[in-house]
Amino acid sequence: MTATSPYVYSNEHSRAKDHLSLLAEMLDAHSTARLATLRVPLRDARCLEIGAGGGSIARWLADQVGPGGHVVATDIAPVDIPAHPRLEVRTHDVVSEEVPAGPWDVIHTRLVLMHLPQRRDVLRKLAGSLRPGGVLLVEDMDMSWRDGRSMRAPTPEDAVRYERHHDMVIRIFEQAGVELAWASRVPQAMEDAGLVDVTSSIRGDGWPGGTAGALFIYGGSIQLDDKLRQAGATPQELDRVRELMHDPRMMIRMSPLMQTAGYRP
Ligand SMILES: C[S@@+](CC[C@H](N)C(=O)[O-])C[C@H]1O[C@@H](n2cnc3c(N)ncnc32)[C@H](O)[C@@H]1O
C-alpha cells in the first residue's frame with residue numbers, strides 16, 4: 001500500500017509470488033484468448049502491460065510480438081519477472097506518473113484499475129497514450145455479484161461460513177477503495193474517455209477446494225489475516241474456511257472476469 005495506491009495486498013508479502021502465480025493459472029487462458037482476438041495484430045506491436053504482477057501476460061505478449069515488437073511491463077512493486085529479449089520491466093506508479101512514452105498499439109491491464117480510486121483518470125490517461133487505432137484491454141473482476149458464491153459445500157453451515165468470510169474480504173476491499181461493480185462500468189468509462197467500438201465479455205470458472213481459485217482465496221485470507229480478525233472473524237471460522245479451500249467437496253464461484261476492449265479513433 002502507498003499514498004497513491006491503497007492496493008490491499010503487497011508484492012513484498014512472503015505469499016505474493018504464489019498469489020500471483022495462482023492468478024496466472026486461473027486467468028491467463030482467458031486473457032490470452034481475448035488478446036489474441038483483438039483487431040490490432042500482436043505481431044510487431046508495441047505493448048504496454050500495466051501492473052504486470054508476476055509478468056506471465058507480459059512474457060506471453062513478448063513471445064507474440066516477435067523480433068519487430070516490444071513490450072514494456074510496469075508495476076509499482078515489480079516482482080522477479082524472468083528476462084525476455086523483447087521485454088522491459090519498469091518500476092512505475094500508474095496513478096502519480098505519466099504513462100511511459102508511446103504511442104502504444106496495445107495496452108493491457110488486469111486486476112489493477114479495480115484497486116485504484118483514481119481508476120477513471122488512469123483509464124483516460126492510458127486511452128490518450130494509444131496510437132490512433134490502438135487498443136486498450138481492461139480486465140477486472142466484478143465483485144458485486146454475491147449470490148451463489150458457494151456452489152457446493154460439505155454442509156450448509158460451511159456454505160454460510162464461506163460466504164460470511166467472502167463478505168468480510170469484500171468489505172476490506174471496499175474500505176481500500178475498490179469499486180465493486182467497476183468491471184461492469186468499464187464500457188462507459190471507455191466511451192467517456194473517447195474510445196470507440198467498445199466490446200465486453202465475461203469469463204469465469206467454478207473452483208473446487210485444492211484447485212487454483214480456491215487456493216487463491218486461501219492465500220488471500222492468510223494475507224488479510226489481521227484485517228479479517230479486526231473485522232470480527234473468529235480463529236475457528238478462519239481455520240474452517242481455510243480448510244474448506246483445500247477440500248474437494250467445496251466449490252466456489254470466483255467473481256467474474258470482465259474483459260473490455262476499446263479502440264482509439
Ligand atoms: C492483483 S495484482 C494483478 C497482477 C497482474 N496484472 C495479474 O493479473 O496477474 C495487482 C498488481 O497491480 C500493482 N499495482 C498496484 N497499484 C499500482 C499502481 N499505482 N501502479 C502500478 N501498479 C500497481 C500491484 O503491485 C500488483 O502487482
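In this predicted model, helix α6 spans residues 212-223 and has twelve residues. The distance from its first C-alpha to its last is 16 Å, close to the 16 Å expected at 1.5 Å a residue. Nine of the twelve residues are buried, so α6 is largely enclosed by the rest of the structure. The buried residues include Phe216, Ile217 and Gln223.

Strands β8 and β9 belong to an open sheet of three strands. The order is β6-β9-β8, and the pairing is antiparallel. β6 (150-152) and β8 stand at the edges with a single partner strand each, so one side of each lacks a neighbour in the sheet. Neighbouring strands are turned by 30° against each other on average, direction ignored. Three bridges join β8 to β9. Gly206 has Arg253 of β9 as its bridge partner. Helix α6 packs on this sheet and touches both β8 and β9. The direction of α6 makes about 75° with that of β8.

The largest nonpolar core holds 57 residues. Within this core, Met26, Leu123, Leu136 and Ile252 touch the most other members. Helix α4 gives the most to the core, with six residues. Leu123 touches Leu113, Leu136, Val138, Trp182, Val186, Ala189, Met190 and Ala193, not counting residues up to four places away in sequence. A second, separate core has 21 residues, among them Ile57, Leu61, Ala62 and Val135.

Technical notes:
Residues are numbered from 1 along each chain as its sequence is written. This is a predicted model: local features need pLDDT of at least 70, side-chain atom pairs count only at pLDDT 80 or more; totals for chains, interfaces and linings use all residues. Side-chain values use heavy atoms; hydrogens and water are left out. Helices (H or I, at least four residues) and strands (E, at least two) are DSSP runs, numbered from the N terminus. The expected span of a helix is 1.5 Å times one less than its number of residues. Buried means under 20% relative accessible area, exposed over 50%, partly exposed in between (1.4 Å probe, protein chains only). A nonpolar core is a set of buried Ala, Val, Leu, Ile, Met, Phe, Trp, Tyr and Cys residues joined through side-chain atoms within 4.5 Å. Contact means heavy atoms within 4.5 Å. Two strands pair if DSSP finds at least two bridges between them. Axes are lines fitted to C-alpha atoms, for helices over the stretch in contact, and angles run from 0 to 180 degrees between N-to-C directions.
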